[in-house]
Amino acid sequence: MMQNVHLAPETDEDDLYSGYNDYNPIYDIEELENDAAFQQAVRTSHGRRPPITAKISSTAVTRPIATGYGSKTSLASSIGRPMTGAIQDGVTRPMTAVRAAGFTKAALRGSAFDPLSQSRGPASPLEAKKKDSPEEKIKQLEKEVNELVEESCIANSCGDLKLALEKAKDAGRKERVLVRQREQVTTPENINLDLTYSVLFNLASQYSVNEMYAEALNTYQVIVKNKMFSNAGILKMNMGNIYLKQRNYSKAIKFYRMALDQVPSVNKQMRIKIMQNIGVTFIQAGQYSDAINSYEHIMSMAPNLKAGYNLTICYFAVGDREKMKKAFQKLITVPLEIDEDKYISPSDDPHTNLVTEAIKNDHLRQMERERCVEVVKASQYVELANDLEINKAVTYLRQKDYNQAVEILKVLEKKDSRVKSAAATNLSALYYMGKDFAQASSYADIAVNSDRYNPAALTNKGNTVFANGDYEKAAEFYKEALRNDSSCTEALYNIGLTYEKLNRLDEALDCFLKLHAILRNSAEVLYQIANIYELMENPSQAIEWLMQVVSVIPTDPQVLSKLGELYDREGDKSQAFQYYYESYRYFPCNIEVIEWLGAYYIDTQFWEKAIQYFERASLIQPTQVKWQLMVASCFRRSGNYQKALDTYKDTHRKFPENVECLRFLVRLCTDLGLKDAQEYARKLKRLEKMKEIREQRIKSGRDGSGGSRGKREGSASGDSGQNYSASSKGERLSARLRALPGTNEPYESSSNKEIDASYVDPLGPQIERPKTAAKKRIDEDDFADEELGDDLLPE
């Protein structure tokens with residue numbers, strides 16, 4: 001093997017290839033047979049491999065490989081097989097690393113090129129699972145148990161309770177067989193507890209609905225006593241329900257409390273439901289005091305309608321009226337949990353409004369209408385369909401779509417008498433608010449003729465008669481409404497207003513006192529009582545009732561100014577000032593209040609403070625010259641002559657034809673020694689001359705009654721001179737500025753002494769002033785029809 005190797009001379013120490021012939025003895029193949037480690041490796045690993053010899057004959061063809069020295073040699077591999085490229089028995093083995101993948105010489109002899117061995121055909125099918133294996137039997141049995149449980153639940157929902165019970169029993173039997181088979185195959189830890197729980201729970205439920213209470217209790221006990229079931233203790237509530245049906249109240253309460261102990265405190269809703277069951281059990285057992293404790297705890301934690309109602313009933317049973325009233329007040333404050341109309345925009349957000357407008361009449365909304373109103377119309381609940389239509393009309397009213405509301409109500413007006421009366425009542429109210437009293441009266445007549453015992457229809461008819469000034473006839477309609485329904489507070493309120501119009505003050509006072517006994521905190525009723533006492537010339541009583549109004553709504557400026565007016569009449573200036581000032585603080589745009597406060601500071605000689613109010617009055621009424629003259633007068637009285645002169649000059653520029661302003665300018669410039677006095681005097685003389693010429697033309701154009709009219713002109717001239725004289729003496733206020741509150745017209749004279757809308761919401765805007773009595777009654781009652789329920793006008 002080494003015959004062709006030429007060794008370098010040993011004497012050449014600088015030979016670059018020195019040591020090239022040296023090799024590691026590990027690579028010595030001659031001693032492999034004696035190597036125990038190598039022979040052991042061959043016997044344990046490589047010796048077990050299948051033969052690598054390829055079946056294709058071409059792979060056995062070998063060829064010699066040349067070494068770097070030009071000779072063809074072969075080396076034996078370390079595992080006994082010829083090495084690649086080695087020569088064995090005269091045949092050279094081919095080098096596989098040089099051959100292309102999938103290429104053999106056999107392809108040249110006619111065989112097809114098939115690198116992926118696709119010509120071998122499809123793979124053999126997978127071996128089918130054995131159906132008789134224990135695992136497959138268990139899975140199939142689980143599936144059957146689940147199907148039986150589902151069939152039992154479906155039969156229960158369809159009302160076939162016996163079939164549901166049979167299916168539940170079958171599921172229970174098969175589930176027990178399943179458990180036994182699973183115990184034989186696997187360990188007990190692998191048992192499907194969820195399936196066992198669902199089977200037992202369904203079986204107990206079916207026993208309960210079939211009134212097999214003993215079997216149901218036994219099944220529940222199996223679940224509860226099994227410690228492997230988590231949160232099974234809550235089922236004690238179901239056991240308590242069964243004991244309640246059996247009228248075993250003590251055990252029912254016991255199991256309810258045990259269930260309550262099992263529920264964590266974070267699950268408030270479940271705890272509240274269990275406590276409600278405890279309260280119901282106490283009520284059925286006649287233990288009202290214990291039931292009250294349960295319901296009071298519920299109302300303090302999570303108020304709801306059922307708990308509030310039952311608490312009211314319990315207080316009624318024990319005879320505690322005061323607590324019953326308080327419980328009822330809590331009950332009416334509980335929200336109804338009714339979803340508001342989603343097609344009404346809740347805010348001013350433009351994006352929300354666009355979305356609401358887009359879904360208002362889309363396909364889903366149309367489908368809702370078809371499946372709701374139309375389906376109900378075709379059913380036996382036709383009256384409910386009519387109520388839905390009424391509610392639909394009221395919804396349009398809330399959206400201020402009056403045309404749509406009128407169209408729906410006109411269609412309903414053609415229905416039977418009850419629906420016709422309700423629709424006509426609402427139509428009458430709509431036309432009344434639109435000031436179309438003829439149409440309002442017509443529909444009120446239709447409503448009354450359709451249902452003579454409808455108090456709302458009679459009240460509406462009385463309103464239309466009231467608007468026409470026939471107060472006696474209006475009182476008759478209101479009385480008839482009260483005879484049909486003594487609790488119709490709207491009719492009682494309106495009849496009090498009618499008596500007030502007829503000057504039957506004692507009868508009006510009786511009506512409002514009766515109404516006050518019903519509506520204790522109604523600011524409107526309290527104000528009407530105070531108003532009647534004022535008309536009866538009893539200011540002390542009027543003040544007392546107005547103080548009650550202030551206790552209900554302390555921020556209403558009109559009530560506060562009315563109190564100031566009454567105290568001013570009584571001569572109590574300090575109290576009058578207090579209430580006028582409070583009224584001004586809440587509503588600083590009432591010119592009468594501003595005028596009174598300015599006059600008050602003038603009387604007390606606080607000129608600087610009076611200036612503030614007169615300046616505000618001049619901003620409110622910029623075309624009234626008197627406010628600027630009063631400001632200038634206050635400056636002059638306070639000694640600020642320069643400021644007074646500037647104010648008079650500014651007033652003269654705005655009102656150049658005002659004679660009084662020129663007179664003050666002439667006087668003030670003369671006193672100050674200014675040259676402008678002569679110019680203002682010429683202007684004053686020219687204006688007075690023009691005024692005389694104008695008056696002469698008026699006299700000459702009159703008819704033969706000039707004598708009497710001349711006397712009136714002379715009187716007017718005398719008044720003018722008197723005003724000038726008064727101004728020259730100090731510019732005193734004529735009759736406290738000639739317009740103080742309470743001296744020329746009563747409070748809210750244009751409103752028939754009606755309370756204003758701000759009493760309803762004292763925190764809201766209060767600029768809008770009082771409405772007529774009939775309008776007030778419409779707002780509170782006329783949309784409601786008692787026979788159709790309160791849903792006609794949801795708030």
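The side chain of D556 reaches the backbone nitrogen of Q558 at 3.1 Å, a polar contact in the sense of a pair of N or O atoms within 3.5 Å, where within protein one must be able to donate a hydrogen and the other to accept it, and where residues adjacent in sequence count only if both atoms are side-chain atoms. This is a predicted model, in which local features need pLDDT of at least 70 and side-chain atom pairs count only at pLDDT 80 or more, while totals for chains, interfaces and linings use all residues. Residues are numbered from 1 along each chain as its sequence is written, and side-chain values use heavy atoms, with hydrogens and water left out.

**Around D556**
- The side chain of D556 also reaches the backbone nitrogen of V559, at 3.0 Å.
- D556 is found in the loop between α23 (539-552) and α24 (557-569), helices being DSSP runs of H or I with at least four residues, numbered from the N terminus.
- D556 has a relative accessible area of 1% and is buried (buried means under 20%, exposed over 50%, partly exposed in between, with a 1.4 Å probe and protein chains only).

**Salt bridges**
- The count comes to 20 salt bridges, each a side-chain nitrogen of Lys or Arg within 4 Å of a carboxyl oxygen of Asp or Glu.
- One of them joins E480 and R452 at 2.8 Å, N to O, and this pair links distant parts of the chain, 28 residues apart.
- E480 is buried at 16%, whereas R452 is partly exposed at 38% relative accessibility.

- E534, K562, E565 and R569 are linked in a network of salt bridges.
- R569 and E565 meet at 2.5 Å, N to O, and both lie in helix α24, four residues apart.

Note on methods:
Helices (H or I, at least four residues) and strands (E, at least two) are DSSP runs, numbered from the N terminus.
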